[in-house]
Amino acid sequence: ENMPAAPKPPQKAAETSKGTSLAANNTHASAIRKKTGKNTTKIRSVKDQIRGLERLLLKKDLAPEGKEKAEKALADLRQRQVANKQKDKEIKYSRKYHMIKFFERQKIERRLSKAQRALEIAEGGKDKLSAAEREQKVRQRDQLLEDLEYVTHFPR
């Protein structure tokens with residue numbers, strides 16, 4: 001019953017006299033890490049990485065091999081940025097024109113099936129088509145197939 005109190009652990013250098021950690025005051029990411037217990041790091045955007053590399057290249061005391069490596073990384077990031085912008089634009093337009101694409105595809109498929117039926121009837125039927133008429137029907141079917149290909153893969 002009369003046990004001596006357990007000795008207090010020694011204070012760490014990162015702790016203040018009140019017992020609060022100084023690391024909690026540093027950044028939001030460290031606060032998140034501390035709360036969740038996971039080692040999460042913020043994912044930097046391509047634009048942010050480019051800005052960081054440009055700032056690094058402005059330093060005068062940068063070693064030549066480091067400068068060369070940073071310039072190569074900067075060029076790669078700029079290419080990725082262009083590709084990302086193009087991809088975003090494609091996604092935007094594919095969403096915008098989804099309904100129009102759907103209706104156009106239906107119209108073309110309907111016309112294509114009509115053209116194919118007409119061609120089959122003309123080839124297998126009693127009425128033989130002249131070579132010019134048959135060629136025109138084949139061209140019409142091929143044009144509809146091209147249109148269908150365009151509509152299904154637009155805007156890419």
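Q: How many residues apart are E109 and R105, and which helix are they in?
A: In this predicted model, E109 and R105 both belong to helix α4, where they sit 4 residues apart, which is about one turn of the helix.

Q: And what do their side chains form?
A: The side chains of E109 and R105 meet in a salt bridge, with a distance of 3.5 Å from N to O.

Q: Why can two side chains like that pair up?
A: Side chains of opposite charge can pair when their charged atoms come close.

Q: OK, which salt bridge do K107 and E104 make, and what is its distance?
A: The side chains of K107 and E104 are joined by a salt bridge with an N to O distance of 3.0 Å. Both K107 and E104 lie in helix α4, 3 residues apart, and that spacing is about one turn of the helix.

Q: What about the accessibility of K107 and E104?
A: K107 counts as partly exposed at 31% relative accessibility, while E104, with a relative accessible area of 30%, is partly exposed as well.

Q: How many salt bridges does the structure hold?
A: There are 7 salt bridges in the structure, including the one between E109 and R105 and the one between K107 and E104.

Q: Switching topic, what does D48 pair with?
A: D48 forms a salt bridge with R44, and the closest N and O atoms of this pair are 3.2 Å apart. D48 is partly exposed, having a relative accessible area of 25%, and R44 is also classed as partly exposed, at 43% relative accessibility.

Q: Where does the positive charge gather on the surface?
A: A patch of positive charge on the surface is formed by R110, R111, K114 and R117.

Q: Which helix holds R111, and which residues does that helix span?
A: R111 lies in helix α4, which covers residues 98-124. This is the helix that also holds the pair E109 and R105 and the pair K107 and E104.

Methods
Residues are numbered from 1 along each chain as its sequence is written. This is a predicted model: local features need pLDDT of at least 70, side-chain atom pairs count only at pLDDT 80 or more; totals for chains, interfaces and linings use all residues. Side-chain values use heavy atoms; hydrogens and water are left out. Patches are made of residues with over 30% relative accessible area and no salt bridge: like charges are joined within 9 Å, nonpolar side chains (Val, Leu, Ile, Met, Phe, Trp, Tyr) within 5 Å. Accessible areas come from the Shrake-Rupley method with a 1.4 Å probe; for residues, only the protein chains shown count as cover. A salt bridge is a side-chain nitrogen of Lys or Arg within 4 Å of a carboxyl oxygen of Asp or Glu. Lys and Arg count as positive and Asp and Glu as negative; His and the chain ends are not counted. The place of a charge is taken as NZ of Lys, CZ of Arg, CG of Asp or CD of Glu. Helices (H or I, at least four residues) and strands (E, at least two) are DSSP runs, numbered from the N terminus. Buried means under 20% relative accessible area, exposed over 50%, partly exposed in between (1.4 Å probe, protein chains only).
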